[in-house]
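I went through it piece by piece and jotted things down as I looked them up.

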Amino acid sequence: MGLQQLHSTLLKPTSIAPLVMFRIIFGAMMLLATLRFMARGWVELLYVQPKFFFHYWGFSWVQHPLALGLPAWTVHAVYMLMAAAALGILLGWRYRLSAGLFFLLFTYTELWDLTNYLNHYYFTSLVAGLMVLLPAHRSFSLDVRRRPSLAVATVPAWTIYLLQFQLGVVYFYAGLAKLHPDWLLHAQPLRLWLPARADMPLIGPLFKEVWVAYFFSWFGCLYDLSIPFLLRWHRSRPLAYVAVIAFHVLTWLLFPIGMFPWIMIGSTLIFFSARFHQRLLDKLQRLLRWRLPRVPGSTYRMRPLLQRALLMGLGLYVLVQLVFPFRYALYPGNLYWTEQGFRFSWRVMLMEKAGSISFWVEDSATGRRLPVNTREYLNAQQEKMMATQPDMILQFAHFLKEDYSRKGVNAPRVYADSWVSLNGRRSRPYLRSDVDLASLQDGWAPKDWILPFDDTPYRAHR
């Protein structure tokens, strides 16, 4: 396809109905997820009670409200405002403001503590950012009800393709990541996880069978690699969507992954035809007795210069999404061991990593070594996540250096003894215990203070 043909394809007018339905579904899911997060007390547990927060590399300038000296109620207020913004997206009320506010607040809260990183939070931030750019409020919205002149019947095709691309990347790259010996040849970590669900009614006893773990591993890989293409083809789409529902409902039943399965079930409807979405909108219109303005043939238009700049920016965004997940290839060693290049690469549920770590601080002047009680600073979840993630270990070491300096220790050195198990293998030393972690700086460079990965046989295979 030549550039001119690609340009024409991207700008071809298409029904706005899929975009509007995506806005409604996304807004509803985000509203429900935010309210659920607050109702379960997770705001208090994860973002108010901890005494220390881990930051993402390069984002230490993003400050938690408590670090800014603000009262605890402001943390809850951020989530209440986020829920209001999600409602604004759902209803199409002051849409650009609502979408922009939700994107900023959601991303802000996710940057509060690296401990809580999940692939689907990253996905939500990306989609929320894209929604700010899309004219998803130009039909069936309170904005159109307030200003009928905003209503359009068609939008450029790129507005639909962009969302399909983002969903396709999540699935396909998750499938590529499963082309790994642990997943395909050893059925790990499913061989560890599935037996824990043997108490499920009817199908539970099957999860003790090894062949079931292999079946789920291979099916999951094939599903992720093929589902974007099966959803794109109109003949396979209905059956593919049945597979989407079955796959995500099953993962929701088996694993504690919150709202993500429902978000994906709703979002993948963007692959369906405009006629399908228009029927859904017509039913909603009749249900709500909402009379839409007649806009036959009206098309959403942008100024040519603005449209060209936007398409160039989105082209760069697409390129980054395609390339960035492969940055792990720049680092030596086992990706799941070092985790350099692991995040933001759609590696979903591919490892079971457990570890233990103990720190001690050495007084440079006297040589006296002081053991550290990590529970004085971290909650159980933070301690668990830090024990196996090198950048979090490094951050905590720098924090200890500052804390013990304030306590009168002379030029503190920080050392750690860490043992880690990966996907059922025996625990083994993880870090060099003779390296002063507080003297190291985090960055893009390989972390040569992580001990090499020794791939010995699985305990289950002995």
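**Entry 1: a loop residue**

I started with L118, which lies in the loop between α5 (95-110) and α6 (119-133). Helices here are DSSP runs of H or I with at least four residues, strands are runs of E with at least two, and both are numbered from the N terminus. The model is predicted, so I kept the limits in mind: local features need pLDDT of at least 70, side-chain atom pairs count only at pLDDT 80 or more, and totals for chains, interfaces and linings use all residues. Residues are numbered from 1 along each chain as its sequence is written, and side-chain values use heavy atoms, with hydrogens and water left out.

**Entry 2**

Next I traced an open sheet of four strands, in the order β4-β3-β5-β6 with antiparallel pairing. Its edge strands are β4 (369-371) and β6 (428-429), each pairing on one side only. Two strands pair if DSSP finds at least two bridges between them.

I then went through the pairs:

- β3 and β4 run antiparallel and are joined by three bridges; V361 stands opposite L370 in β4.
- β3 and β5 pair over ten bridges in the antiparallel sense; I noted F359 opposite A416 in β5, and S356 with W419 as its bridge partner.
- β5 (residues 413-422) and β6 are antiparallel too, with two bridges; here W419 stands opposite P429.

In the hairpin of β5 and β6, with five residues between the strands, N423 has a positive phi near 50°.

Why is β5 largely enclosed by the rest of the structure? Seven of its ten residues are buried, so that is how I logged β5.

**Entry 3: the helix across the sheet**

Helix α18 (residues 390-406) lies across β3 (353-362), β4 and β5, and runs at about 25° to β3. For the angle, axes are lines fitted to C-alpha atoms, for helices over the stretch in contact, and angles run from 0 to 180 degrees between N-to-C directions.

I picked out F399 in α18. F399 counts as buried, at 18% relative accessibility. Leaving aside neighbours within four places in sequence, F399 is in contact (heavy atoms within 4.5 Å) with F52 and Y377. I also looked up L330, 69 residues away along the chain: its C-alpha is separated from that of F399 by 29 Å.

**Entry 4: a surface patch**

Which residues make the nonpolar surface patch of about 680 Å²? I found L202, I203, L206, W211, F215 and F219. Patch residues have over 30% relative accessible area and no salt bridge; like charges are joined within 9 Å, and nonpolar side chains (Val, Leu, Ile, Met, Phe, Trp, Tyr) within 5 Å. A salt bridge is a side-chain nitrogen of Lys or Arg within 4 Å of a carboxyl oxygen of Asp or Glu.

F219 is partly exposed, with a relative accessible area of 39%.

Technical notes. Accessible areas come from the Shrake-Rupley method with a 1.4 Å probe; for residues, only the protein chains shown count as cover. Buried means under 20% relative accessible area, exposed over 50%, partly exposed in between (1.4 Å probe, protein chains only).
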